[in-house]
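Here is a short walk through one protein model. Keep the sequence and the 3D view side by side as you read.

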Amino acid sequence: MTQTMDPCLLDSSNQFLLDNGKTLGELISESGRQNLWDDRPAGTAIDTVIIHYISACDVDSLRPYDLNLVLKIFADFVVSSHYLILRDGQIRSLVPEEKRAWHAGASIMPEPDKRQRVNDFSIGIELLATPDDEFTNAQYTAVAGLVSDLALRYGNLNLLGHEDIAGERAVSLGLRLEPKRDPGKLF
């Protein structure tokens, strides 16, 4: 891969020190888990990439892009994604690709595919952004390079937003109560 990726695995051994004086690993352990991923179903091929955004704007509106707060959100809500792309284009590897990250929730592929449980066969990429801020050029460059690299390794990939698999259609089918809207019209 041509891009630099910093590991920051969402597991109990992660020593990233959070603002609250605990390590990310300690916070994950307190959730009763060793890591924020599990095994993919046997024989499942990766064929989809899902783009998301995440921020800490609901936690601290003055620090929406604070990495400490965003990592704490993953641990507090027991969710994960394979990659996180910071505003300056740095990529953090959060979950090993061969593992199933918990980024899509109750989800269904668009017609005519209609497969559910999108986490099973997808790679999740979070971009640090808010609903109202545009993504940065550095983020676009990073996500394009990452998706190109994934396509070289996994072949042709479906590239979708979270809203495409967990939006209004998923609500109308009774899969979820509220639609996801990321990465949104600014992406």
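Two rings of Phe, Tyr or Trp form a pair if their centres lie within 6.5 Å. The model shown is a predicted one. By the ring rule, three aromatic pairs are counted in it.

Start with phenylalanine 135 and phenylalanine 187. Their ring centres are 5.2 Å apart. Their planes stand at 90°, so this pair is edge-to-face. The two residues come from distant parts of the chain, 52 residues apart. Phenylalanine 135 sits in the loop between strand S7 and helix H3. Phenylalanine 187 belongs to the segment after helix H5. Phenylalanine 135 is buried, at 6% relative accessible area, while phenylalanine 187 is partly exposed, at 37%.

Phenylalanine 187 also pairs with tyrosine 140. Here the centres are 5.6 Å apart and the planes meet at 45°, so the pair is tilted. This link, too, joins distant parts of the chain: tyrosine 140 lies in helix H3, 47 residues from phenylalanine 187. Tyrosine 140 is partly exposed, with 29% relative accessible area. Together, ring pairs tie Phe135, Tyr140 and Phe187 into a cluster.

Next, look for charges over rings. Arginine 87 lies over the face of tyrosine 65, 4.4 Å from the ring centre. Arginine 115 lies over the face of phenylalanine 121, at 3.7 Å from the ring centre.

How many disulfides does the structure hold? The count is zero. Cysteine 8 has 5% relative accessibility, so it counts as buried. Cysteine 57 is partly exposed, at 25% relative accessible area.

How values were computed
Residues are numbered from 1 along each chain as its sequence is written. This is a predicted model: local features need pLDDT of at least 70, side-chain atom pairs count only at pLDDT 80 or more; totals for chains, interfaces and linings use all residues. Side-chain values use heavy atoms; hydrogens and water are left out. A disulfide is a pair of cysteine sulfur atoms within 2.5 Å. Buried means under 20% relative accessible area, exposed over 50%, partly exposed in between (1.4 Å probe, protein chains only). Rings of Phe, Tyr and Trp (its six-membered ring) pair if their centres lie within 6.5 Å; planes under 30 degrees apart count as stacked, over 60 as edge-to-face and the rest as tilted. Helices (H or I, at least four residues) and strands (E, at least two) are DSSP runs, numbered from the N terminus. A charge sits over a ring if NZ of Lys or CZ of Arg is within 6 Å of the ring centre and within 35 degrees of the ring normal.
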